[in-house]
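Okay, thanks for coming, everyone. Let me put the model up and then walk you through a few contacts.

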Amino acid sequence: MAEQPLLEIKNLNVSYRSAVKTIRAIDNVSLSVNRSEIIAIVGESGSGKSTLGLSIINLLQKPPAVVDSGQILFQGKDVIKLPEREMASLRGTGISMIFQDPLSSLDPVYTVGWQISEAIAMREKRSASWKPGPFKREDSEPAPPSGGARRVVGVRLPRSRRRGAYSEEVIEALKRVQIADPERVIDRYPHELSGGMAQRVMITNAIVQRPSLLIADEPTSALDVTTQAQVLRLMREMRRDLGASILLITHDLAVAAQVADRVVVMYAGEVVEFSDASRIFKKPLHPYTEGLLNSIPRKYREEGRLEAIPGDVPDLRSPPSGCRFHPRCKYAFERCAAERPHLVEPEPGRMAACFLRYSS
Amino acid sequence: MSERLLEVDRLVKYFPVHGSLGDQIRRRPRLNVRAVDEVSLSIGSNETLGVVGESGSGKTTLGRTVLMLERPTSGTITFRGQTISSLKGEQLRQLRKKMQIVFQNPYSSLDPRARVRDIIAEPLRAFGAARGVIDREVERVLEAVNLPEDSTLRFAHEFSGGQRQRIAVARALIVSPDFIVLDEPTSALDSSVQAQILNLLRKIQDDIGLGFMLITHNVDVVKFMAHRVAVMYSGKLVEVGNTRAVLESPFHPYTSLLVASVPKPDPDNKIGDVNIVGEVPSAVNPPPGCRFNPRCPYAQDVCRRDEPLLREVAPGRWSACHFAGELKESPTPGSA
Amino acid sequence: MQKRRILPFDTEETAITFRILRSSVVTTAGLVIVVGFLATAVVLWLTRDSILPYSPFTITPALLQAPSLVHPFGTDNLGRDVLIRVLAGAPYDAEVPLAVLAIAVSLGLVSGTAAGYLGGRIEEVIMRITDIFLAFPGLVLALAIADSLGAGVNTSILALAPVWWPTYTRLARGETLSIKSQQYMEASRASGQKARYIMFHHVVPNIIPVLLVYATIDFGNIILTFSVLSFLGVGAQVPLPEWGLSTVQQEQYLTSAPWAPILPGLAIVVVALGFALLGDGLRDALDPKTRSLYG
């Protein structure tokens, strides 16, 4: 499997600049994602995980964000250096992203059916076989619905909800994400859906475009645990059916365990551990990962207290010297405060940035 | 049997839904969001009752109504033997000395323009404590929540989420209450900090001996914190009992579903085919019979017809399922 | 984070506000104009014009002289130095808006907060009274009151205040309503606090910034309206050097000696503009997104 990785991030540095301070949000991060692979990026607030996701799809607010150095190679091309037009054509069908709050990602004045049709239309336009036809519905933009305008007036006239051109495919897609009664759902507006359904609609929007890489930023954090279980299973199926790679950004290690092939743990802007899922949960290499695992309350009350990581996530305006985690680390020794550890590979296929793992 | 700290009997809280003008002209009956629908439970001192549920379960409304932050639509709440559900005005205000709350969001529950000392001292000030007493008590609770003494003059926005939540806990503790409602106290916090706060809350309960109602959607949290757990679904209690017993051998299909859906940090233990369809039912117009029946893999005719009552199916184990106790097999409702 | 001194406000936050104001030329200009204007007004008021080289009321035979080294702004129809008169007019055009705003904002704050927080009958009563006042076009109302009370600077204050306070009541009520749903308000109730305490310790400190920003922008408007009152003869009376009055008095010389009416009028425009720019800058400074970029 020596093919070129789908995504390669090399020594990426991103900071947020303001009038008075500079925050290094991503510090020398490198990682790679192969085809049909699910990678989880796990971290707490300030870890840089969301910034990383936005950097890959080039949706950072610049300013205040600045990419200081590094490369993000998607299918060999450096995304950072692409002009915006080319980047825009890459989004959706090449790299797609879904976010935590589905209701703010779906346009409230268009029906579900229309929005998904729009996504399909975009895919069709970009495919090689697209030919502009003389206003035939099948191969031009779906007719804009009058639904929006009629709703503004406040009166709901019949026939005011247009489905869009690709109804059949839309219904199929909704069925695949296990939405019951898709024929009715395509006529609904986003605010009429529950959180779980809206999230699944957002996922549908992303998958009908058949992206090679899907970035999911905390897609289940706002969902009930029962809905979350369904969505996570859906993601595993997506990888299987579409061959898409998924970059799942989450703060929840348990969620990562459910879907990921490999796990990247980030802390204060750096990668501290990078390993395959089967080994990281049994034997974490970095004290932070170990601490995170211990923080999950898995014991019953009578079984004693949790082993919590003391202290707080560091203020990125003035991060600790040396290893950023050392003030909270129970194994810390002198070297940890003085020097910054870089990633080493104590076991094949597993990396950790910790002096404890240095063999010398 | 010793008197229970808090007893709730058939508590109901409905929120009216404003119909359209057309509805009002046509004299349609007023619709209500049935947030809490006949809930009965009790909590002892030095006990944590975990109230678990997903969105639409009514657990947050339950917590607030129990504290009389909302007036109950009907039902009784008894606190330390006194009926509080009918209190108003000054008598109700006096209750706040004994019953407190910690809110979910540490960013919006602290006044951004107030200094920490004033935030924490507020409950004492509400009842006219003297300056010297206030200073002493603020110091005491700051120590109890592990915040440094010099926090008092700072503003809330200088602190991290976990520290702010400690401030909120300190505020709840300063009047030495007997009972605190913890409304998702760690949901807005990072996991590493969550563990600290949970440890802190347990320590406080062990040291002082108060009663907690812990409201959460997180089954792991309730496992770690609660002596007993009450599972809510769509405004109703579906199961109550000792935490370990309920989570290890549930007596209600919803509880089984909930427990099975919790992801474990173990890639070899992926959540199986959790056979769940549909959505949480409308709170305004719940389905007839058992509210869970449209999604329940075991639903029978009786479930669609008669609403099951919460009854004691085993010593200390309550369930609102017609078939409770008969469905004791696998915790995962597998596809038939 | 060394804030051990017990000042009533947050020094770090104030520093951020200043940084934001200084970052833009336009708002800095506004700040400079406002500070310059207020300083001039205060100094002249305290010293009762005595620091000026000569009194603004001194009539000389040097009528309608063009600007020169001796009279940088020229002289008016009574030989009075226009620059001196413009400077001496500052206290009047500062005093009136300050007094009017002091009354309007405090009255508006109290009534609006009470209406918003307490709701019910109290809110109805307060808001309907407010509506009645708002129904009158401002200038007409001010004129009517000024007319019945008699002309003069002090009566102008009493005439203008009723025009302005309803706006602040509405503003305060709106802000109170949006704050009411914040969780720290509920936390306060849960702590057992009484409504009065909550209103004055939680609502007011959080809505005052918005009211002050509005007041800053309004300052210029009040100067303009007061000038109009003077223009119409019911505000400041001769021979006060108030700007609006000066402008109307010299109006007939617009073509022959334009400096006489234009310069006092320009003073009004510049100061009103300065307040508008400053107020605008302050409004931006309140936005949490902007603030996070500066601290």
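Quick convention before the helices: axes are lines fitted to C-alpha atoms, for helices over the stretch in contact, and angles run from 0 to 180 degrees between N-to-C directions. Also, this is a predicted model, where local features need pLDDT of at least 70, side-chain atom pairs count only at pLDDT 80 or more, and totals for chains, interfaces and linings use all residues. Residues are numbered from 1 along each chain as its sequence is written, and chains are lettered from A and ligands numbered from 1 in the order in which they are written.

Helices here are DSSP runs of H or I with at least four residues, strands are E runs of at least two, and both are numbered from the N terminus. So, α4(B), residues 116-126, and α6(B): their axes come within 6 Å and cross at roughly 35°. That crossing is right-handed, meaning the near helix is turned clockwise from the far one by less than a right angle.

Who touches whom? From α4(B) we have B:Val116, B:Ile119, B:Ile120, B:Glu122 and B:Pro123, and they meet B:Ile167, B:Ala170 and B:Arg171 in α6(B). Contact means C-beta atoms, placed from the backbone, within 7 Å.

Now the chain contact: 42 residues come from chain B and 38 residues from chain A. On the chain B side, the elements giving two or more residues include α6 (161-173) and α7 (191-208). α7(B) gives the most, with nine residues.

And α7 of chain B turns up again, as part of what covers the buried residues of α12(A).

Methods:
Contact = placed C-beta atoms within 7 Å.
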